[in-house]
Amino acid sequence: MLKVYNSLTRRLEQFEPLHEGFVGIYVCGPTVYGHSHVGHAKSYVSFDAVVRYLRFLGYRVRYVQNITDVGHLTDDADAGEDKVDVKARQMGVAPMEVAQLYTRSYFEDMDALNVQRPDISPCASGHIPEQIALIRKLVDGGHAYEVDGAVYFDVQSFPEYGRLSGRNLDELLEGTRVEARGDKRHPADFALWKKSEPGHIMRWDSPWGVGYPGWHIECSAMSMAYLGETFDIHGGGIENIFPHHEDEIAQAEAATGQQFVRYWLHNNMVTVDGQKMGKSLGNFITLKDAFAGRPPLDTPIRPMVMRYFILTSHYRSPLDFSMGALEAAGKGLERIENAVRRVRESLRGTVEGAPSGQIQQLLDETREKFLAEMDNDFNTAGAIGEMSAFTREVNRLMDEGDAVTRDGLEAVNQLYEQLGGQVLGIVTDESGRAVESAGIESDLVDAMLEVREDLRKAGHYELADGVRRRLSKLGVQVKDSADGPTWRFKKGAPS
RNA sequence: GGCGGCGUAGCCAAGUGGACCAAGGCAACGGUUUGCAAAACCGUCAUUCACGGGUUCGAAUCCCGUCGCCGCCUCCA
């Protein structure tokens with residue numbers, strides 16, 4: 001029985017979708033004016049696990065995640081410039097070129113992290129009519145007003161305003177950072193539509209003149225366009241609770257008179273050395289830099305290690321980024337990968353036979369505990385713990401050698417593929433395979449190892465060890481065993 | 001100032017009042033295996049959950065207080 005923590009009620013609730021067997025989920029996507037960073041990774045890996053698990057449970061899921069390519073300002077909702085617009089001017093290209101460039105970059109990084117693509121990735125600029133229609137509905141209903149080509153949402157017309165974030169309008173009035181604006185009725189009123197000044201590159205016709213949409217409106221408009229006026233899950237970063245999600249609720253519910261979202265899920269932030277990683281702080285790490293080993297990390301982080309690292313903490317907990325923690329995660333993942341490889345390689349050449357009682361019991365217990373962890377608000381950290389414990393047992397049984405039959409190994413492999421692969425996305429077809437190499441390289445390594453074997457047989461261990469050291473530096477890990485040496489290209493090694 | 005969260009072993013990190021004298025990973029130490037490595041396994045590693053009270057038959061888990069850290073109230077995943 002799946003339970004999820006709902007930010008709206010601040011408690012763990014039993015999850016029941018609006019329509020049986022179907023789940024509609026919307027997650028706030030990136031604003032595409034720069035490369036993605038590890039904060040994006042945490043958010044989208046976390047929600048990827050959520051979606052994967054819902055699908056594993058048998059739900060038909062429609063996953064919508066927007067791409068913000070217009071309307072997100074560098075400052076608050078009625079000052080500042082459009083982020084994409086600013087970047088376009090800096091680069092000397094059209095805004096849509098900026099958006100396309102970083103949209104591709106985003107998906108590239110997410111693919112590397114084994115994040116499954118959303119079913120629908122609507123961009124704000126492609127849904128201007130939907131946004132205008134929603135704004136018009138709000139104006140007609142008395143929830144929004146026009147001032148000189150701009151339209152603002154009237155927060156005082158929506159008594160529920162502040163419920164999600166635990167605020168009330170009086171407090172907002174006293175807030176140090178919300179300043180009164182001449183053209184707004186209440187300082188907390190926010191822009192639905194902005195007037196394009198003459199120099200502004202992005203401009204669309206609207207009933208209020210030439211302009212562009214505010215940032216919050218796209219999410220209300222697009223989520224309802226694809227998921228209906230009421231849908232199951234809305235996810236996003238905790239920092240977006242106010243004002244972004246609060247405003248989304250206000251816009252949607254004031255327009256439809258119905259509940260907008262049933263379950264609000266919020267993931268916590270990434271910190272670096274205990275400090276929030278933020279654009280304004282200048283301490284953010286892009287995924288491309290991290291994967292390539294460029295500063296500030298200087299060591300290449302394998303994307304799958306990043307994914308594993310993220311999933312070893314709960315999505316609602318903050319995650320502190322450090323090289324030490326990443327290295328530990330890398331070792332932990334490798335242990336699982338080694339076991340997967342060992343199991344897959346042993347599949348041939350094992351005796352026929354049904355799984356032993358021991359194996360069967362291990363499989364049953366692991367599955368049960370794993371699912372219990374995931375049922376508890378998608379506790380991937382606990383679930384990975386179960387995978388690790390399972391891995392130790394698998395290795396132990398294989399070391400002992402007697403209890404493992406072909407069918408037993410098949411079942412073990414299947415559990416890895418289902419729980420580690422399908423659900424967590426940390427086990428893939430690659431996990432059990434050595435890094436591919438162009439033919440001649442493999443042959444050369446084989447040739448060197450043959451020579452090395454001769455050296456070993458002749459007792460020239462220093463020379464043999466030297467060969468092994470040299471190969472290791474080249475990224476080839478050699479393992480001696482009773483049946484002769486085996487080798488593989490190390491993962492994550494510069495090649 | 002208002003709202004919210006966190007503080008669990010050397011480090012990272014689960015833990016929804018009772019099977020917790022607290023998962024899992026990393027590190028460390030001892031051992032098995034190995035020519036040596038690597039990999040893997042076995043054992044040791046928090047009688048205790050920031051601190052002080054309280055509620056309860058029972059608390060890491062609930063309540064109050066203290067200290068420390070963090071986030072939101074501007075843009076941010």
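Q: Domain bounds come from an automatic or database domain assignment; which domains does that give for chain A?
A: The assignment divides chain A into domain 1 (3–267), domain 2 (323–432) and domain 3 (439–489). The C-alpha centres of domain 1 and domain 3 are 57 Å apart.

Q: What should I keep in mind about the model behind these values?
A: This is a predicted model, in which local features need pLDDT of at least 70 and side-chain atom pairs count only at pLDDT 80 or more, while totals for chains, interfaces and linings use all residues. Residues are numbered from 1 along each chain as its sequence is written, chains are lettered from A and ligands numbered from 1 in the order in which they are written, and side-chain values use heavy atoms, with hydrogens and water left out.

Q: What makes a set of residues a nonpolar core, and which members of the largest one touch the most others?
A: The members must be buried Ala, Val, Leu, Ile, Met, Phe, Trp, Tyr or Cys residues joined through side-chain atoms within 4.5 Å. Buried means under 20% relative accessible area, exposed means over 50%, and partly exposed is in between (1.4 Å probe, protein chains only). The largest core has 92 residues, and F15, L54, L113, M306, F321 and Y416 touch the most other members. Helix α1 (residues 38–56) is the top contributor, with eleven residues; helices (H or I, at least four residues) and strands (E, at least two) are DSSP runs numbered from the N terminus.

Q: Which residues count as contacts of F15?
A: Contact means heavy atoms within 4.5 Å. With neighbours within four places in sequence left aside, F15 is in contact with L2, K3, V4, V23, L54, Y59, D232, I233 and Y263.

Q: How do you know whether V423 is buried or exposed?
A: V423, in helix α13 (residues 406–423), has 0% relative accessibility and therefore counts as buried. Beyond its neighbours within four places in sequence, V423 is in contact with A49, R52, Y53, F56, F370, M374 and Q418.

Q: What makes β9 and β10 a pair?
A: Two strands pair if DSSP finds at least two bridges between them. Strand β9 (residues 231–237) is joined to β10 by six bridges, so the pair qualifies. The two strands run parallel, and F231 stands opposite V261 in β10. The chain passes from β9 through helix α7 (residues 241–256) to β10 in a right-handed crossover; that name applies if, with the strands pointing away from the viewer, the path from the first strand over the helix to the second runs clockwise.

Q: Why do β12 and β13 count as edge strands?
A: They belong to an open sheet of three strands in the order β12-β11-β13, with mixed pairing. β12 (275–276) and β13 (319–321) each have a single partner strand, so one side of each is left without a neighbour in the sheet. Strand β11 (residues 270–272) pairs with β13 in the parallel sense over three bridges.

Q: How do you know whether N114 and F378 are buried, exposed or partly exposed?
A: N114 has 24% relative accessibility, so it counts as partly exposed, whereas F378 is buried with a relative accessible area of 2%. Neither is a glycine, yet phi is positive in each: about 60° for N114 and near 55° for F378.

Q: Which peptide bonds are cis?
A: One joins F242 and P243, with omega about 0°. Another joins P295 and P296, with omega about 5°.

Definitions and conventions. Domains from an automatic or database assignment.
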